[in-house]
Amino acid sequence: MPAVTVDNPLTLPKVAASGDAVARPVLAVTTAPSGFEGEGFPVRRAFAGINYRHLDPFIMMDQMGEVEYAAGEPKGTPWHPHRGFETVTYLIDGTFIHQDSNGGGGTIENGDTQWMTAGSGLLHIEAPPESLVQSGGLFHGLQLWVNLPKADKMMDPRYQDIRGGEVQLLASPDGGALLRVIAGELDGHQGPGITHTPITMIHATVRPGAEVTLPWREDFNGLAYVLAGRGTVGAERRPIAMGQTAVFGAGGSLTVRADERQDGRTPDLEVVLLGGRPIREPMAHYGPFVMNSQAELKQAFEDFQAGRLGTVPAVHGM
């Protein structure tokens, strides 16, 4: 980790917050509980225990792995429905195949992202390729759920396949932090992901002892999740480590710093930075459906049971 990098970050465009930007304070640091998803692959629930008012428009995020599978062990998810939101699958290491009941999908690997807008609904499956099942190997990624506003919840489903080489690469002024803008924009630099709900998603690698202070839209919330390593967040240098999420308060900049010494599992601090404009609408969420009311949830279940979200193809190629 990571799959997308450069030898010399100093060759990249530089990003830094202005000196008069108000630093965002750290409101909380939470630790993600571990669990299992799909057919049994390990996950950390990054947003568990965080009040939704701090998450909006994000719903949940799972860190999948990091796990080294033996031959025959790689796992995925069975066919399952979605309606009313978008799923963002960012694969750092390994390979995953996606397919849906509309004929969409594809393969993502080593730094690729797949952005699936479920909208009005579909059936979906994610699985490792047969070659990975036979050989085993490293698997590590994230899946983020982004809410859709009421006006877009029943839009037609769509996919965006974002190759790792398409992300916008930036750096801190001293080159101590490499920034991968996957979606949204940072200081005028646009990432490739197109979102219905305005958000920014960044994967940052911060070298030991380095600090980065980024400009952050004041109308966005701010979250930082540590994939690997340890460091501090905020001007107050609140400690944070692998599997923890920092919730930032209001302001125009946020700060992340890597400890001088990292643990033996990673040479750098690896952190995902998220921000989005809150939707501020009622949310009814149960399982794979995210709607605005209990009546809409009930309708989603009825539509799923009646086959109106699609049917599993007879031959799905998994």
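## Contacts of Phe58

Phe58 is in contact (heavy atoms within 4.5 Å) with Phe47, Tyr52, Leu144, Trp145, Val146, Ile199, Asn221, Leu223, Leu274, Gly275 and Gly276, leaving aside residues up to four places away in sequence. The model is predicted, with local features requiring pLDDT of at least 70 and side-chain atom pairs pLDDT 80 or more, while totals for chains, interfaces and linings use all residues. Residues are numbered from 1 along each chain as its sequence is written, and side-chain values use heavy atoms, without hydrogens and water.

## Nonpolar cores

A nonpolar core is a set of buried Ala, Val, Leu, Ile, Met, Phe, Trp, Tyr and Cys residues joined through side-chain atoms within 4.5 Å; buried means under 20% relative accessible area and exposed over 50%, with a 1.4 Å probe and protein chains only. The largest core has 31 residues, of which Phe47, Phe58, Met61, Leu144, Met201 and Leu274 touch the most other members. Strands (DSSP E runs of at least two residues, numbered from the N terminus) that each supply at least two residues of this core include β4 (58-69), β11 (137-147) and β24 (269-276).

A second, separate core of 28 residues includes Leu170, Leu179, Val212 and Ile240.

## Helix α3

Helix α3 (a DSSP run of H or I, at least four residues) comprises 12 residues, 294-305. Its buried residues are Leu297, Ala300 and Asp303. Seen down the axis of α3, these fall within an arc of 125° (taken from the directions from the axis to the C-beta atoms), so they line one face of the helix. They pack against β25 (284-286) and β26 (289-291).

Exposed residues Gln294, Ala295, Lys298 and Gln305 lie on the face of α3 turned away from its buried side. Gly307, with a positive phi near 80°, follows α3.

Note on methods: The expected span of a helix is 1.5 Å times one less than its number of residues.
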